[in-house]
Amino acid sequence: MKHRHLIPLAAVSLAALAWPALAQQQGVSKDQLLIGSILDLSGPLAGYGKDLRNGMNLRIAEVNEQGGVHGRKLALRVEDNGYDPKRAVLAAQKLVNQDKVFVMVGMLGAASANAAMPTLAQKNVMNFFPMALAKDMYEPVDKLKFAFVSSYIEQMTRATPRLYKEKNATKACTLYQDDDYGQEVMKGAEIGLKSINVEFAERTTYKRGATDFSSQVARLRAANCDFVVLGTVIRETVGAIAESRKLGYNPTFLTSVGAYTDLIPRLGGKGMDGLYSTMMAQVPYEDDASQPLRFWANKYKTAYNENPTVFSTYGYVIIDRLATALQKNGPAVSTDSLAKTLESLKVPSDMFGMPAMSWSPTSHLATSEARLSQIQNGRWKVVLDYDQMMK
């Protein structure tokens, strides 16, 4: 895999010439481009939200140190939704109607992103690269919707039957969060299992924010499930697996990229070993990284006094791709022109392990590829790479 080095973005003085024509474009001024994001900073995904914000701010600082994009500095406004779709709507209204952001980036959570979309549409604000892996984020094709990672459905459709057969499993079951996210993971796994003539023997759900999984795990165990698909996030993944281990119940557990985080083994300890997850960018372990990635990780640690996580890399990548698109767009930027630019943009793979990305007028999803990792001795390890997952 060829890795690309992030290229400095030079300031271009033509921005001043283009400014009169952009007077009516929300969020764009002669010397600034205002972007917004809605993240969970206080709820069950607060760890993800904080790291996404840090990653975004790191790349924004780099871009601005280099003079911005076409003479404009990037400015980021972030609102906390607490992983609550109702709060996401209020946050979107503030960012779009009061702060008047040009584009919304990296919105966290499928339910929250879907809830916020009507507000964005009213003011022609693009939903750029949400950290919400639902097909609604890029289908149907719309100038306001561009995604950079494949949906939960696509990832689970591929991974589930592959792992089920590899493990010689005999009975599949699922435990998932009763919302857009959990249902997408479940649906993808269901589609994948049907391709090998297998159906779920048991389905059980939980409400967002739940902490007790004893009844759900008891149902899975009673059904003799030896393969369990988890549509869970951080604490819920740890809670469900810990309850299973306590009972001596040890099926193969498969979750989605929504739970691919080093927080799982850190919070759950040795009991999390064996968990599988779909993923793209790798957890940036500094002692197991390339020199460019180690340099980046040290820069991140210097800025925030903590090690980066995979969500730090996602935040960084989101802003990097936005800056790349804005640079190619030229100084006369608008929502419509940015959409047209993205539809012809191609970006090679990078040091984080993200696959090559491209968009077109008929597809606003950058890539449908994903990999499979497993927790081994407290660390995530890739067990099936992109090309192997496609077989």
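Axes here are lines fitted to C-alpha atoms, for helices over the stretch in contact, and angles run from 0 to 180 degrees between N-to-C directions.

## Basis of the model

The structure is a predicted model, in which local features need pLDDT of at least 70 and side-chain atom pairs count only at pLDDT 80 or more, while totals for chains, interfaces and linings use all residues. Residues are numbered from 1 along each chain as its sequence is written, and side-chain values use heavy atoms, with hydrogens and water left out.

## Packing of α3 and α4

Two packed helices are described by the angle between their axes and the distance between the axes. Helix α3 (residues 85-98) packs against helix α4 (residues 110-122) at an angle of about 35°, and the axes are 8 Å apart. Helices (H or I, at least four residues) and strands (E, at least two) are DSSP runs, numbered from the N terminus. The crossing of α3 and α4 is right-handed; a crossing has this hand if the near helix is turned clockwise from the far one by less than a right angle, and is left-handed if anticlockwise.

On the α3 side, the residues involved are Pro85, Ala88, Val89, Ala92, Gln93, Val96 and Asn97, and they meet Ala111, Ser112, Ala115, Ala116, Thr119 and Leu120 of α4. Contact means heavy atoms within 4.5 Å. The residues of this contact divide into nine nonpolar, four polar and no charged. In this division Ala, Val, Leu, Ile, Met, Phe, Trp, Tyr, Cys and Pro count as nonpolar, Asp, Glu, Lys and Arg as charged, and the others, Gly among them, as polar.

Lys86 is also found in α3. With 68% relative accessibility, Lys86 counts as exposed (over 50% relative accessible area; buried is under 20% and partly exposed in between, with a 1.4 Å probe and protein chains only). The C-alpha atoms of Lys86 and Ser112 are 7.6 Å apart, and the two residues are 26 residues apart in sequence.

## Aromatic pairs

A pair of aromatic rings is described by the distance of the centres and the angle of the planes. Rings of Phe, Tyr and Trp (its six-membered ring) pair if their centres lie within 6.5 Å; planes under 30 degrees apart count as stacked, over 60 as edge-to-face and the rest as tilted. By this rule the count comes to 15 aromatic pairs. One of them joins Trp296 and Tyr300, whose ring centres are 5.7 Å apart with the planes at 35°, so the pair is tilted. Both residues lie in helix α10 (residues 291-304), four residues apart, about one turn of the helix.

Trp296 and Tyr316 form an edge-to-face pair, 5.5 Å centre to centre with 80° between the planes. Trp296 lies in α10 and Tyr316 in helix α11 (residues 310-329), so this pair ties together parts that are 20 residues apart in sequence. Trp296 is buried at 2% relative accessibility, and Tyr316 is buried with a relative accessible area of 3%. Tyr300 is buried too. Elsewhere, ring pairs link Tyr48, Phe128, Phe129, Phe148, Phe311, Tyr314 and Trp359 into a cluster.

## Charges over rings

The charged end of Arg208 sits over the ring of Tyr83, 5.1 Å from its centre. The charged end of Arg379 sits over the ring of Tyr285, 4.1 Å from the ring centre. A charge sits over a ring if NZ of Lys or CZ of Arg is within 6 Å of the ring centre and within 35 degrees of the ring normal.

Helix α12 (residues 335-342) is mostly covered, with six of its eight residues buried. The buried residues are Thr335, Ser337, Leu338, Ala339, Thr341 and Leu342. Their cover includes β4 (126-128), β5 (145-146) and α11.

Val238 lies in helix α8 (residues 234-246) and counts as buried at 12% relative accessibility. Not counting residues up to four places away in sequence, Val238 touches Ile264, Leu267, Gly268 and Met272.

## Backbone features in loops

The peptide bond from Glu139 to Pro140 is cis, with omega near -10°. Pro140 lies in the loop between β4 and β5.

Asn197 is not a glycine but has a positive phi of about 60°. Asn197 lies in the loop between α6 (180-194) and β7 (200-206) and is exposed, with a relative accessible area of 76%. Asn377 also has a positive phi, near 55°. Asn377 is placed in the loop between β13 (371-376) and β14 (379-384), and counts as exposed at 66% relative accessibility.
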